[in-house]
Amino acid sequence: MKPDFNVLLENSHQLISHILNNGLTPLKKNLDQIEVQTRKLVAKATKDDSGINSRAHYLLANKGFDAEHISQVLNNLTLNYTYEYQQPISDTDIEASLNTELDSIIYHSFEKSKSQTAKDSSDSYENSIYNSWEKTKQRILEELVQYSINVDDVNNSANSFSHQNSNNEYQEGFNTNQVFSLENQSSLINKKKKYVEVIEKFNDARIKEETFSLISNLKKCAIELDSSTPNTRNNGYKINSVVESWELLSSIINEQELIKFKKSDKNGLYNYSVIDKELGRPVSAIENIEIRKMITEGARKYLENFFWKWIENRIIKNPKEAMLGGKPGVIQKIRAFLNITFKKYGEWENPIFELINNVPVWAQIYYLIRSGHYNEALKYVLSIEHELRLREEDSNFVDYFKAWLESPDRKLSKYLRNRLLTEWNEHIRYIIDPVTNEVHGDPFKYALYKIIGRCDMTYKKIPGDIVMPTVEDYLWFHLVLAQESHLTDEPNQECYGLREMSQTMQQYGPGFFQKGLQWFYVLLICGEFEKAVAYLFSIEKYQVEAVHFAIVLAYYGLLRVPLKPNNLETGLLTMDKSNNSIQFNFSRLIHQYCRSLKMFNTSTILNYIYIIALYGIDYSNKRTTYYSDLFYQSGKYYTDLTYMYICEIILERNEFVDPKGESNVEGIKVLDDVEKHSKLIYIHSSQEFINKITKVAAQQCNDDGRINDAIVLFNMAKEYNTVISLLNKQLGDAIAQYKYSNIYIANHNDLTLSPTKSAMSPDKVTIKYSDPLNRSMALKNGRAPNNNSKDTKNNTSRKFGQNDISRLMSETLDTKQGPNYNLISIDMAEKILSYYLQQQSIYCSISEKNRNTCTILIGLLKFMNYWKENKLEQAIHVFETLSLIPFDKDMAAIMKKANEFRSLDENIAKNFPEILVIIMACVHNMWCQYKLSTFNDEARQAKMLDLQRKARVIAVFAGSIQFRMPGDIYSKISEMEVHMQ
């Protein structure tokens, strides 16, 4: 038996294994201990608790508890069946169970589908509202910036601009609320006109791929607009005019050299779309080291040439002090300039100059290179080589200077530079005390050694006003020191290029360069073109110039723009957080500028819109691997944005049917002009132009309710089926305009139903809509309509052709309605349909349902015209010809037509209940006329019987479709039919 007990013990341990797994310690007791504990539990369970502690009894009684009653209630509770095991109910009806489960699944599916549908509908509605609001907000912002400008705000913007940190100063940028409206209007219009002429010629050259010097032509405009002459402008050595700024930009871009090798094209000369494979984004031209070299060299050359012109001007104005004489060359002119500047009463004013042959030799050399005459400077140095080599401190200068000039990068070899730095540290650097800035020697010698050897690059200026008296001198000095290199082995303190120069200048800010356009050309010289244009735009006087500077920079690919600008931002400058670079919202600037050109025709304005496409791409062709995905999407965005702006301006400024209801040839001319410039906006065929411009404009007209314009544009786009659909919709709306009286007028106990007399004009049915832009019909956007009566007279004899829908519309519009051109007549719809049906190619492109619907709607309008004029017999006849109800057929035919009701076009079906009431009223009223007639012949009786039969057919037909009609319609039809019977 021992093995059996062991097995039993093991099984008992398994029974409590789930308890032991929870970490509880098992209790080990023998049988005697278990029995004792069991008896104690039984004793507690059977103990009589009737005796209640007296103290507890009194305590509970004081608190309002009846302890005895509660004790009795508890004792009467029976818990014997609380944990009684229930027997399962046997159910073998599997089919009923499955059906119940299926019903449950279907119910929950419907509930889930209903909930999801409601959610999707709500989300769709919210998205629609959001998108609509975003577009409305953008339009409101654009309208506001057109009229709201405050001069104080502009000045405050410029002042605050100077105090912003260079790391975050352009995150929001200047606001386009600074608009083109404060200048004297006549001079402003004249300025815009001259610049417009240049842009038109520029685009024509791009189309023909001819040479065109954009900056030179814009500079000519500035010269014509500048009241001062070049001589008076250059009295002082300051760049302070727009003309000089154009010259500076031309030198930076090196336009004169570029046009010799490359013609103007549609994509610009510097394409900024170089792809950085590591960053996965397009790199702008300014990030190219060769472009930075070009900017540095071009700006330096301009400052040198500008300085040389100023020197010559001073010599001419001061011939006595100059003492030039003879056949002056460059070296002699510099000597004359030194005489004017530093000599007084035949003696040199400054005793610290080092003289050779009574000439301040270091000043002579410095001003030769300062004026850009490097070869003459070398020639002069070689002419005094003997004297220099006799001087211990300067014996090696000729070697340094010659090597510096002969180096293509203006760099000394490592060996020569080390020798020069040794001499610098031993002698030259102490010419100017770095602490007190006191001058202890010739400052020009100090400047030359610093330029040639790039010595002590942590200190990049010459104290005092002898060497660098002007901002231009200071900028030139930094440009000479700036060097762009691919190598990175130079010490950090000696790495100084255009970017570092820009950072240095921006530490001063515009507050330091407050004279004229100083800060503007400082930014140009530093290659900060985005900030330069934004700053110039912040000055109300130069806003027009700012736009054209931006166009030039965009054309040459030197203006960084956002890959996808946020149109809700009003600032011109934004920060690209991916690389902390400043970007310029070029498309916004051009769009806003176009809004200020209301005095010009549409074709002129569009010449500016075409320029936005410089940042677009031709995505109609097969996509190439040249574009990264990011750049491809950006280019596609700018191309589509150009199309959108073109359509917007065309629709805002041109009506293809003018206020007098006549064909407006201006609208057609604009589209022809856009097609002429299609090459600039990546459109290569007529069909592509139709798809991207004409159809989009037509759809926008349709959305805005400009139906006449939409019909003309859709016809030009060869969307003839859409034209008929538009006519159907408008004809259906015209039917809905009819109002019938719901009052039955008793005449000799008979019922009549009459139309409202004021429902329509007395001549013909028309469809009206209000101009959504609420513009004047006589003068739109400040542009008078073309009312050349001579042209109109000559054109009336023209044959109606494919693109002459506007001519047909002008001939068929209701001229009795006055100069309201927002009308569509039955006559016009009928003639358009008739013309389309006569042309085989057009006929095949129109769906049979649309053709039939248009025919029926025209017939219904004629029927309702007859009803309105109380020509009941003609009305009934016209309605019968439409075959909407089979008056001469049996019941089967009537039911078949009733079943076909659901296939009717919506424009017919939505008006059919009212049409049934009116045809029933025609039949009823005509029957009443025969009944009241004094003649009692067989023809009259036959006619009344025929009318009664028709009324019965109408009533049966209406009864077959009554669930698709309002409840009162069938009751009115039945009432008239019963009265006739």
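These are my notebook entries on a predicted model of one protein chain.

**Ground rules.** I number residues from 1 along each chain as its sequence is written, and side-chain values use heavy atoms, with hydrogens and water left out. Because the model is predicted, local features need pLDDT of at least 70 and side-chain atom pairs count only at pLDDT 80 or more, while totals for chains, interfaces and linings use all residues.

**Overall build.** I looked up the secondary structure and found 44 helices and twelve strands (DSSP runs numbered from the N terminus: helices are H or I, at least four residues; strands are E, at least two). Of the 981 residues in the chain, 47% are buried (under 20% relative accessible area; exposed is over 50%, partly exposed in between, with a 1.4 Å probe and protein chains only).

**Contacts.** I then turned to contacts (heavy atoms within 4.5 Å). Among those between residues at least 6 apart in sequence, 68% join residues at least 24 apart.

**The core.** Which of its 256 residues touch the most other members? They are Phe401, Phe586, Phe863 and Leu916. Helix α42, residues 912-931, gives the most to this core, with 13 residues. I also followed Phe401: leaving aside neighbours within four places in sequence, its contacts include Ile365, Ala377 and Ile452.

**Cysteines.** I searched for disulfides (cysteine sulfur atoms paired within 2.5 Å) and the count was zero. Cys221 is buried at 5% relative accessible area, whereas Cys495 is partly exposed at 30%.

Terms used. Core = buried A, V, L, I, M, F, W, Y, C linked by side-chain atoms within 4.5 Å.
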